[in-house]
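I opened the notebook today to look up a few local features, one at a time. Here is the model I had on screen.

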Amino acid sequence: MLESGLIHTEIQRKWLTKLQSIKDEFQAHAAYNDAHSRFPHENIDWLVKEGYTLLTLPKAYGGEGATIEDMVIIQSYLGSIDGATALSIGWHLSTAGQIFEEQKWEPHLLDQLAQAIQEGALINRAVSEADTGSPTRGGKPSTHAKRSGSEYVLNGVKTFTSMLPALTHFLVSGYNEATDQFGFFLVEKETPGVSIAETWNVVGMRATESHDLVLEDVHIPQENFVEVAGGSKGPNGWILHIPSVYLGIAQAAADYAKDFAKTHQPNSIDYPIGHLPTVQQSIGEMESLLLSARAFLWSTARTYHEAPDAPVWNQTSASKILVMNQGLKVIDLAMRIVGAKSLEMDRPLQRYYRDMRAGLHNPPMEDAAYTNIAKSELNLF
């Protein structure tokens, strides 16, 4: 990937080189973290220390000013190194990128958040709830805020809060009883009443520690009701960090299978299995799937800064679906090449498979994406 002709900016070259230098160290923790559902603290600490969390913060706010395309390319490579690390930090990159692009907050609050990020803060949206299912399906959050003098008092429980052990700031979706509006409340981790319920026990993306965020009588300033839901003028390109990570995982699986095919030689043949036509067919199919997924995802991301007024709702939704479906096929082919050994717990392919399956449940959900694309094509919106 580092030699790809699609890599063309200094910020891309800089971070791909830096990540390549730390690749072995990041991967050294991956199997243990997965087995024990342990958050990759060392990896995230390194990323914060090196300034990776400033990537999508605009230059005017002290960041690197990366484009969506930059983020997608760099996150794809990080995903190939360690999927849980990439998905975790990707939520911060995406959230920060969207906040500062949309400029919905009061200017002084944007300045405060930018300063906090420069000092190591990590932010993510807390949207999902047990009773509402995927937030993309339109369920109304039961989390609510009541007015109390110049403050709001927030109560609720948020599920699937990725990177929760490391987050310092949360954008909590909820209902504002005082204004009869749904929107987002800015909450800092150290605010009294904020706690973590360690509920994360799943088969994929185990190391993200996406526990429940519990809010019990959390008092926040009135101005921390920072966003009213709805009213977006266009698609959120920053959400492309999700397929970027899964593209990277699929690439890692393909790379492992190719290395295996080059070296594995059962005593029934006189050469490595990479010489077998059936294996070559599978490798060719894997690479074709990766090439098409990468080209579509990266071209969609590039459109956001080369043609910012272009209508890319459909491409944005389709990117995630295409990458997921083709990525799952890539990993299936990789496991067929490696055979029964692919199921061994000390090999990474079984982890890639489980992590990739988790991506099916990240937004947008496949059926909702297809329906929205169809409505767009039929002018039903």
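Leaving aside neighbours within four places in sequence, which residues is S210 in contact with? I found F160, T161, S162 and W200, taking contact as heavy atoms within 4.5 Å.

A note on the ground rules before I go on. This is a predicted model, so I kept local features to pLDDT of at least 70 and side-chain atom pairs to pLDDT 80 or more, while totals for chains, interfaces and linings use all residues. I number residues from 1 along each chain as its sequence is written, and side-chain values use heavy atoms, with hydrogens and water left out.

**Entry: S210**

I placed S210 in the loop between β6 (194-197) and β7 (212-221); strands here are DSSP runs of E with at least two residues, helices are runs of H or I with at least four, and both are numbered from the N terminus. S210 is buried, with a relative accessible area of 3%. My cut-offs are under 20% for buried, over 50% for exposed and partly exposed in between, with a 1.4 Å probe and protein chains only.

Next I looked at the side chain of S210. It makes a polar contact with the side chain of S162 at 3.0 Å, and another of 2.8 Å joins it to the side chain of T208. A polar contact is a pair of N or O atoms within 3.5 Å; within protein, one must be able to donate a hydrogen and the other to accept it, and residues adjacent in sequence count only if both atoms are side-chain atoms.

**Entry: aromatic rings**

I counted 8 aromatic pairs in the structure. Rings of Phe, Tyr and Trp (its six-membered ring) pair if their centres lie within 6.5 Å, with planes under 30 degrees apart called stacked, over 60 edge-to-face and the rest tilted. One of the pairs is F26 with W46, edge-to-face at 5.7 Å centre to centre and 90 degrees between the planes. F26 belongs to helix α1 (residues 10-28) and W46 to helix α3 (residues 41-50), so this pair ties together parts that are 20 residues apart in sequence. Both partners are buried: F26 has 2% relative accessibility, and W46 has 17%.

I also noted that Y152, F185 and F225 form one aromatic cluster. Two charges sit over rings, meaning NZ of Lys or CZ of Arg within 6 Å of the ring centre and within 35 degrees of the ring normal. K18 lies over the face of W15 at 5.3 Å from the ring centre, and R125 over the face of F184 at 4.4 Å.

**Entry: helix α3**

Which residues of α3 are buried? I listed N43, I44, W46 and L47. They cover an arc of only 160 degrees around the axis, which puts them on the same side of α3; the arc is that of the directions from the helix axis to the C-beta atoms. The buried residues pack against α1, α4 (68-81) and α5 (83-102). D45 and K49, on the other side of α3, are exposed. G51 follows α3 and has a positive phi near 90 degrees.

S37, not a glycine, has a positive phi near 50 degrees. S37 sits in the loop between α2 (30-35) and α3, and is buried at 13% relative accessibility. D180 has a positive phi too, about 55 degrees. I found D180 in the loop between β4 (169-176) and β5 (181-188), exposed with a relative accessible area of 56%.
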